[in-house]
Structures are given as structure tokens and as C-alpha cells.
Amino acid sequence: MVKRVVNFNPGPAALPLDVLKIVQEELLDYQNSGMSILESSHRAKEFEAVNDAAIALVHEVLGVGPDYQVLFMGGGASTQFALIPMSFVPAGQTAAYIDTGEFANKAMKECQIVAKAHIAFSSKEEKYRRVPKMNEIKYPEDVAYLHLCSNNTIEGTQYHEFPETGKIPLIADMSSDIASRQLDYKQFAMFYAGAQKNLGPAGVTLVVIRNDFLAKAKTGLPTMFTYKTYVDNKSLYNTPPVFAVYIMKLVLEWVKKQGGLAGVEKVNAAKKDLLYGAIDANADFYKGTVEKTSRSWSNVTMRLPTEALEDKFIADAKKEGLIGMKGHRSVGGIRFSIYNAVSLDDIKKTVEFMAKFRKTA
Ligand SMILES: *Cc1c(COP(=O)(O)O)cnc(C)c1O
């Protein structure tokens with residue numbers, strides 16, 4: 001029996017064990033092809049079937065119809081920060097950005113390199129402890145789009161409602177909470193996610209765009225920077241990250257088996273209730289770092305009374321097989337990244353450890 005840790009890594013992150021077992025089983029001889037999917041041509045029927053199935057599963061699991069295009073791209077979510085303003089802000093126009101954390105801010109800064117960015121809201125002065133209330137979001141009527149980050153991975157905040165933007169297209173970076181809860185994905189003109197948190201391994205970025213918004217994209221950009229290239233070629237214009245797409249397909253099948261978004265949401269709700277419950281029950285010792293109404297279901301952040309105690313917490317936890325909780329270098333503290341592949345049992349073990357540590361520390 002292989003020994004597996006409780007893995008709270010923020011990304012690349014835990015993958016479902018059932019998925020890894022399928023990968024292992026199929027690694028040397030993929031479906032009687034006599035070779036690994038890693039060695040197969042991206043033009044071969046084996047991979048084409050994987051690619052088609054992955055696209056269909058994104059539509060099915062996230063509930064977006066044929067009026068949306070599903071693309072698999074390279075360069076991570078960070079490349080989308082640049083490609084979006086390059087493609088969708090016409091000359092002289094402005095795009096609106098909500099600044100709720102390090103990644104949201106990076107997205108805005110990339111826009112400022114190629115176009116103008118209007119700050120529709122910022123919680124930077126409040127150390128990014130919250131996302132906005134809907135009536136705090138302000139932007140001119142003629143912006144090209146409004147961009148937000150649905151879950152702030154580093155800070156541990158998440159939107160629990162989204163602004164109604166009318167005719168202004170809404171774009172979301174969903175890298176750390178895609179497919180983690182029930183959501184009307186159709187309220188977004190576009191959303192994207194690096195796969196390495198909730199969808200699979202690093203190497204592929206899921207991009208979903210509504211046709212009417214895609215039609216507004218600028219032409220004249222280099223081929224690989226043009227969304228339509230990916231649409232017209234089912235993301236097979238050049239060699240795609242075949243292994244990452246294959247594992248993403250397996251993860252989406254796994255999500256379906258858990259009962260789809262409703263199923264994973266139920267487990268994720270129980271997980272975050274347990275963990276925040278353990279923090280709040282010991283509020284003199286474990287201090288949540290964000291406003292309660294903005295708390296993330298994906299990244300749970302807290303501080304202990306001293307940094308020395310935080311280091312001890314991490315070291316002691318490791319002895320019990322709990323790893324990956326060191327807060328991001330920019331904020332410190334403790335962060336539990338509790339993506340879909342982290343189980344309710346993992347969280348039960350964790351709150352037992354927290355109670356024990358509280359008593360002995
Ligand atoms: C991890 C993360 C990113 C960066 O993704 P890369 O794929 O490494 O470029 C961007 N946005 C959010 C919200 C993230 O969590």
C-alpha cells in the first residue's frame with residue numbers, strides 16, 4: 001500500500017487517487033494501442049477522442065451550451081492576463097478590473113501594459129481582507145469588460161455572489177475554484193482557469209468564451225495569441241499539452257461520479273464548515289485572516305499567535321502526514337488549500353490535529 005499524505009498544496013495540488021490509479025494503469029499501454037498516451041500523436045484517433053471528450057465534459061459538468069467555446073491553452077492563467085486585454089480592449093478604450101488580491105492585481109497590471117485599466121474596486125488598502133459588496137463596484141458605462149478573480153488563492157477570499165453587469169461582458173479568473181460549487185457559469189462572457197488547482201496537473205489552461213464575445217476579439221494578432229485559432233482547430237493547431245488534457249478529462253469524469261457540481265459542493269461545504277468551525281471555536285489561538293462574509297471555500301487562511309508557533313504547527317503537522325499549509329510568501333501564516341481532491345476525512349484528521357496542537361502548544 002502506497003503511503004499518501006493529506007495534501008494542502010495550493011497548486012499544483014492534490015489529485016483524486018482514483019484518477020491517479022487510472023493514469024497508472026493506462027500509462028504503458030493506452031487502450032490497447034501498444035503505447036502510452038504520452039507517446040501518441042496529438043493527431044491520432046486516441047488523442048482526438050480524449051480531446052473531444054474533455055471538451056464535451058467541460059460543457060456538461062459546468063452547464064454551458066454550444067454558445068460557448070471550450071479551449072485548452074498553454075502559458076497558464078498568467079498568459080490570459082495579457083491575452084484578454086490584447087484581444088478585447090479596442091484602441092483608446094478601457095477595461096474595468098476588480099482588485100482583490102495578488103492575482104487580480106497582476107491581471108490588471110498586464111492590462112495596463114497594453115491598454116487602460118479602470119479600478120472598479122480595490123481592497124488593497126484593507127490588505128485584501130475581503131471582496132466587494134455588489135454596490136461598491138463602480139465603472140464607466142463604456143468599458144470593454146469587467147474582470148474579477150472569483151477566488152483569491154493567496155488571501156483566502158471568494159465571491160459568493162457576482163455583479164450583474166448588463167451589457168458589459170463579465171470575465172472571471174476561476175483558477176482556484178472552478179468546478180468546486182454550483183454556479184451559473186452563463187453569467188460570464190468568459191472564464192478561465194489554470195488546471196493545476198481543481199482540474200488536473202499543470203500545463204493546460206481551460207478557457208471558455210461565449211460566441212458573441214469572441215466575435216469582438218481584435219484581429220491581426222499573431223496566430224498563437226488569437227483565440228479563434230484555438231476555436232477553429234479544437235485547440236489542436238499546434239501540439240497541445242496532451243498529458244495534461246488527458247488527466248483533466250479523467251478529473252472531470254471523476255467530478256461527474258461525485259454527483260457533478262452539486263455533489264462536490266456538498267462535500268466542499270462540509271469541509272469548509274469543519275475547518276472554519278475549528279478556527280472559530282479557538283478564536284483566541286487560531287485567527288482567521290479575512291472577513292467572514294468573504295471567506296473562501298477553497299483556501300482557508302489563518303494566523304497563530306506567533307510566527308514561531310506557525311512554524312511549529314507546520315512541522316508537527318508534517319509528522320502526522322499533513323503537508324502544504326505554509327501561507328504564500330507574500331502574506332505568511334497558514335493556508336489550507338482544500339480543493340475538490342481533498343476529502344472530508346482529510347479535514348477530520350486536520351481538525352483533530354488542530355485540537356491536539358492547541359492543547360499542547
Ligand atoms: C494560481 C493562480 C494563477 C496563476 O496561474 P498560472 O497557471 O501559474 O499562470 C492565476 N490566478 C489565480 C486565481 C490563481 O490561483
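Visitor: Is Arg 295 buried or exposed?
Guide: One caveat first: this is a predicted model. Arg 295 has a relative accessible area of 11%. The buried class means under 20%. Therefore Arg 295 is buried.

Visitor: Which side chain makes a polar contact with the side chain of Arg 295?
Guide: Arg 295 is found in the loop between E11 and strand E12 (299–303). Not counting residues up to four places away in sequence, Arg 295 touches Gly 156, Gln 158, His 160, Tyr 276, Asp 280 and Val 290. A polar contact of 2.9 Å joins the side chain of Arg 295 to that of Asp 280.

Visitor: How many Å apart in space are Arg 295 and Val 6, C-alpha to C-alpha?
Guide: Along the sequence, 289 residues separate Arg 295 and Val 6. In space, C-alpha to C-alpha, the separation of Arg 295 and Val 6 is 22 Å.

Visitor: Is Gly 288 buried, partly exposed or exposed?
Guide: Gly 288 is found in strand E11. Its relative accessibility is 38%. Buried means under 20% and exposed means over 50%. Gly 288 falls in between, so the class is partly exposed.

Visitor: Which residues does Gly 288 touch, not counting residues up to four places away in sequence?
Guide: Gly 288 and Leu 304 are 16 residues apart in sequence and 9.1 Å apart in space, C-alpha to C-alpha. The contacts of Gly 288, with residues up to four places away left out, are Ile 279, Thr 301 and Met 302.

Visitor: How much of the ligand's accessible area does the protein cover?
Guide: A backbone N or O atom of Ala 77 lies 3.0 Å from a ligand oxygen, and a polar side-chain atom of Ser 78 lies 2.6 Å from a ligand oxygen. For an N or O atom in the side chain of Thr 153, the distance to an oxygen atom of the ligand is 2.4 Å. On its own the ligand has 390 Å² of accessible area, and the protein covers 86%.

Visitor: Which backbone nitrogen does the side chain of Asn 198 reach?
Guide: Asn 198 is found in the loop between strand E9 (190–194) and strand E10 (205–210). With a relative accessible area of 6%, Asn 198 is buried. A polar atom of its side chain lies 3.4 Å from the backbone oxygen of Ile 178. At 2.9 Å, the side chain of Asn 198 reaches the backbone nitrogen of Asn 340.

Visitor: Which side chain is joined to that of Thr 100 by a polar contact?
Guide: Thr 100 lies in the loop between strand E3 (94–99) and helix H4 (102–114). Thr 100 counts as buried because its relative accessibility is 0%. Leaving out residues up to four places away in sequence, Thr 100 touches a set including Phe 121, Tyr 128, Arg 130 and Tyr 159. The side chain joined to Thr 100, at 2.9 Å, is that of Asn 152.

Visitor: What kind of aromatic pair do Tyr 159 and Phe 162 form?
Guide: The structure holds 18 aromatic pairs. In the pair of Tyr 159 and Phe 162, the centres are 5.5 Å apart and the planes 15° apart. Planes under 30 degrees apart count as stacked. The pair of Tyr 159 and Phe 162 is therefore stacked.

Visitor: And what kind of pair do Phe 285 and Phe 357 form?
Guide: Both Phe 285 and Phe 357 are buried. Their ring centres lie 6.3 Å apart, with the planes at 45°. Under 30 degrees counts as stacked and over 60 as edge-to-face.

Definitions and conventions:
Residues numbered from 1 in each chain as written. Predicted model: local features only at pLDDT ≥ 70, side-chain atom pairs only at ≥ 80, totals over all residues. Heavy atoms only, no water. Polar contact = N/O pair within 3.5 Å; in protein donor to acceptor, adjacent residues only side chain to side chain. Areas by Shrake-Rupley, 256 points an atom, 1.4 Å probe, with all protein chains shown as cover. Phe/Tyr/Trp six-rings, centres within 6.5 Å; stacked < 30°, edge-to-face > 60°. Buried < 20%, exposed > 50% of the residue type's maximum accessible area, 1.4 Å probe, protein only. Helix = DSSP H or I, 4+ residues; strand = E, 2+ residues; numbered from the N terminus. Contact = heavy atoms within 4.5 Å.
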